[in-house]
Structures are given as structure tokens and as C-alpha cells.
Amino acid sequence: MARTGVSEETDKEAAMEIKKQLRKLVKDIVEEEDYRVETAEEAMRALSSLKNLKSSKKSLSFKLDVPQEFRCPISGELMIDPVVLATGQTYDRPFIQRLLNEGSQICPQTKQVLAHTILTPNNLVRQMISQWCKEHGIESPKPVQDIGEEIVTSAGRNYLNALLEKTSSSSLSDQKEAAKELRLLTKRSSSFRALFGESAEIIAQLLSPLSQGQVATHPDLQEDLITTLLNLSIHDNNKRLVAENPLVIPLLIESLVFGTIQTKSNAAATFFTLSAIDSNKIVIGASGALKPLIDLLHEGHPLAMKDVATAIFRLCTDLENRGRAVNAGVVWVILKKIMDGVLVAELLAILAIISTNQKAIQDMCEFGAVSCLVKIIRESNCERDKENCIVILYNICFSARSKLKEIKDEEMSNGTFSRLAQSGTSRAKRKAIGILERLNKTGTVTHTA
């Protein structure tokens, strides 16, 4: 139902008439056992008309009240999915994407030729629109579902090639400018990240300004390129390609040691994302990456700690990497951090996963792990931390007889394991019961109340 210059009163009358008609049709459908298909179709048309009437009324109110900066310059309507074009102008994605798909390379507002056709979500404007709708009692436009990869035009590919040429330039300023733009675009656009997977040579071009052994000569350039690698590794189809490039892992390892703290943190995060693939875990572990990761954990910079810990954890899901991490001294570093109250949950998770390694158990016993772990079980309110502690103690109990007396004394004095056997998570209960049974079989405990 078109709504051009129709008064609010007329709208009400039209709605009442449609409802009257709909009421009669629904009554016929409900009361007649063998109602006609035509009746149902007519009822559906009436419902559609009622919906259109309400929608057109809402649309008009938008046109009257919506601030100009919230309207798409192409459609004039409230933007649902605001995105930024290469020129810095904001449009509603469906409308600007349609123009780009039709082959347009011109910004509708500035009339400038587009350097590229990557669309970047304008999250600030989207949040402002959502807040405005809430304040005016209007239903907020539903966020557009992930529509998958945007269409990558030849302009996008050409722009990537131009940036890569700049990174290979003899001009340091050109290299830095290109690296900064690549960092930004690979962060914002999944379609741009996907372009890097089209050729194995692209990664080598990207990293050409970083010479091994002199990676931190220009820290800002290094940070931008390592962060670009991180952004690329987020894309599932890039993970294997990035990890298998012979330049990548050595440069990441060097960046764990030399560079800004942001570079170090992002290098660790890159190892984490790449190790989502099992074959990459093996390659990364064999390359010697665990030792500098553990050294960086020992340094303890707050900005890097979490990225480093998650990288070590994921790499240690591989059996051989657990041995490598233990040989690199991870147990002492982790226990020291836990005793200092630093990143306890994440580090307990690493200890739990490596506690199947015999040398890890020996190191834990040597560095006072038992007293530290039982203290956490007694004092922590976090069930997951308690679970990881009891998993480690269970493995110690069955692998280090020398610690049975200390574990028994804890049970006799505080009933720590008995309580956890009753109130812990299902996994924690099983491990606590296993410890109690072990103590009973060896005759080292008679009281488990």
C-alpha cells in the first residue's frame, strides 16, 4: 500500500478496514472444515497490506526525524550497516556495494576515483545509530549478518600489488607508509586478508623490508609488518600458507626477542593463531619458538603475558612440544608467576597439560608445586583453577612417590581432597577420589573425612 501524502487519520481508517476484512477471513478459515485455498491467500494478502502500512508509517517517521549523518547518502534512509569507502565517506553497505558490483570506481559524494574498493565497517556510526534509535523508542536496525567474503574487485587486487611494490621500494618512507596501510586493511577487511592466499609469493614480498638478523632496525616498520602477519593468520585459508613460508617463523622468533613490546606480543599472538592447525604446531615447535616464548613469559610484561601464555598452551597440546617446553624451563617460570599471583588461570592450564610429562613432574616437585597447588585449592573461588590443580596433583601422586607423604599430610590436616571429591567439578571429583584411593592403597592415609 503506497503512502504518499496520506494523513495519520486515513492510515487508521485503512488499518481498521484491513483488520475487519482479516477478521472475517480468519473466522471463515477457522470455522469451515474445508475452507478454500483462495480464502487463505486472501488472508495472507490482508496481513501483508497491514504490515506494509505499518512499515511505511515507520519509514516516514525516519525520513522526518533521522539526523542527516545517520542517513546513507545514496538511499537517504537510516543506515543499517554503515561502512567507510576508500575516500573516508560512509555509506550503507547494500547500496554502495551494489554500485561497486556494477563496476563503479567513483565515490558518489567526492567524485574521486577510488584507490581500492575495500569496505570498512564504521562501528562508531553504527553504535551512534543504535543509541539514537533507543532514545527515540524506535526499533534499532538489525545488524547485518556476516555476509561472508565481500566481492574483491580488480581495483582491490591492484591496490594490494601497489602496496607490495612500495614495501619493496628503496625508499624507507614508502615502505613505512605501505606497511601501515597493509596493517590497517588486513585488520578491517576479511576479503583483503583472503587476497594474500592467492599466491605464495605475496608473503615474501610483504616481509622483504625485514632482513633476518636486523629485524628491529626500524621498530615501527617491524611492528606494522608483524601485525599484518597476525591479521593474515586469522584467516583460516592463510594459516598453512603463512606458517610454511620459510621467512615467517624465523622472523617471528626474532621479533619475540627484539622489537617493541607490541611487536613481541603480536608475534606471540601470531604463533597462537597459526598453531590452530596441528601440522603448524609441529613446525613451530621444531623451529625453536618455545624457548623465546618462555623467556618472554619470564620477562612478565603485562601487555604480552596473555598472548604468550595462550601461544604456549596451544603449542603444548602437541606431545613433542610439551617435552620441548619442559626442557626450555617452562615449569619454573610458570610456578614463579603463579606464586606471584600473575595470570594464575592461564598458567595452571599449561601446567595441567604438561603434567603428563615425567620431567615436568620432577621439576614441579623440585620447585615446590605441591604446597602451591593445595593452597590454591583451599583458597580459590574458581572451580576451573581447582580442577587444574587437582589434575596436576593427581599426576604427581602417581608419578612421584616422594610426594605422597606431603599430600597425605594435607589431607589429614585439612581434608582438602575429601572436600573436593564432594564439591568439585565432575573432573575434579574423579581426580580427588583417585588421589584418596591411591593414598589408601599405599597405607598412607586412614582418615578422609
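## Reading contacts, burial and salt bridges in a predicted model

Among contacts in the protein between residues at least 6 apart in sequence, 64% join residues at least 24 apart.

User: What kind of model is this, and how many helices and strands are there in the protein?

Analyst: The model is predicted. The protein has 24 helices and three strands. Its length is 449 residues, of which 45% are buried. The accessible surface comes to about 22,800 Å², and 51% of that area belongs to carbon and sulfur atoms.

User: Is Lys 187 buried or exposed?

Analyst: A residue counts as exposed when the value is over 50%. The relative accessible area of Lys 187 is 63%, so Lys 187 is exposed. This lysine is placed in helix H6, residues 172–188. Apart from neighbours within four places in sequence, Lys 187 is in contact with Arg 193 and Asn 231.

User: How far apart are Lys 187 and Thr 227 in sequence and in space?

Analyst: Lys 187 and Thr 227 are separated by 40 residues in sequence, and their C-alpha atoms are 8.8 Å apart.

User: Where do Lys 291 and Asp 295 lie in helix H14 relative to one another?

Analyst: The general idea concerns helix geometry. An α-helix has 3.6 residues a turn, so residues three or four places apart point the same way. Lys 291 and Asp 295 are four residues apart in helix H14 (residues 290–299), which means that about one helical turn separates them. Their side chains meet in a salt bridge of 2.9 Å, N to O. Lys 291 is partly exposed at a relative accessible area of 41%, and Asp 295 is partly exposed at 34%.

User: Which parts of the chain does the salt bridge between Arg 378 and Glu 410 link?

Analyst: The side chains of Arg 378 and Glu 410 meet at 2.8 Å, N to O. This pair links distant parts of the chain: Arg 378 is in helix H20 (residues 369–379) and Glu 410 is in helix H22 (residues 404–414), 32 residues apart. Arg 378 counts as partly exposed, at 37% relative accessibility, whereas Glu 410 is buried, with a relative accessible area of 9%.

User: Which residues are linked in a network of salt bridges?

Analyst: Lys 180, Arg 183, Glu 223 and Asp 224 are linked in such a network.

User: Which residues of H20 are buried, and what do they pack against?

Analyst: The buried residues in H20 are Ala 369, Val 370, Cys 372, Leu 373, Val 374, Ile 376 and Ile 377. The buried residues of H20 pack against helix H17 (330–339), helix H18 (344–354), helix H19 (358–366), H21, H22 and helix H23 (416–423).

User: Which loop holds Lys 111, and what is the phi of this residue?

Analyst: Lys 111 lies in the loop between H3 and strand S3 (120–121). Although Lys 111 is not a glycine, its phi is positive, at about 65°. Lys 111 counts as exposed, at 59% relative accessibility.

User: Where is Leu 343 found, and what is its phi?

Analyst: Leu 343 is in the loop between H17 and H18. Leu 343, a residue other than glycine, has a positive phi near 50°. At 22% relative accessibility, Leu 343 counts as partly exposed.

Notes. Residues are numbered from 1 along each chain as its sequence is written. This is a predicted model: local features need pLDDT of at least 70, side-chain atom pairs count only at pLDDT 80 or more; totals for chains, interfaces and linings use all residues. Side-chain values use heavy atoms; hydrogens and water are left out. Helices (H or I, at least four residues) and strands (E, at least two) are DSSP runs, numbered from the N terminus. Buried means under 20% relative accessible area, exposed over 50%, partly exposed in between (1.4 Å probe, protein chains only). Contact means heavy atoms within 4.5 Å. A salt bridge is a side-chain nitrogen of Lys or Arg within 4 Å of a carboxyl oxygen of Asp or Glu. Accessible areas come from the Shrake-Rupley method with a 1.4 Å probe; for residues, only the protein chains shown count as cover.
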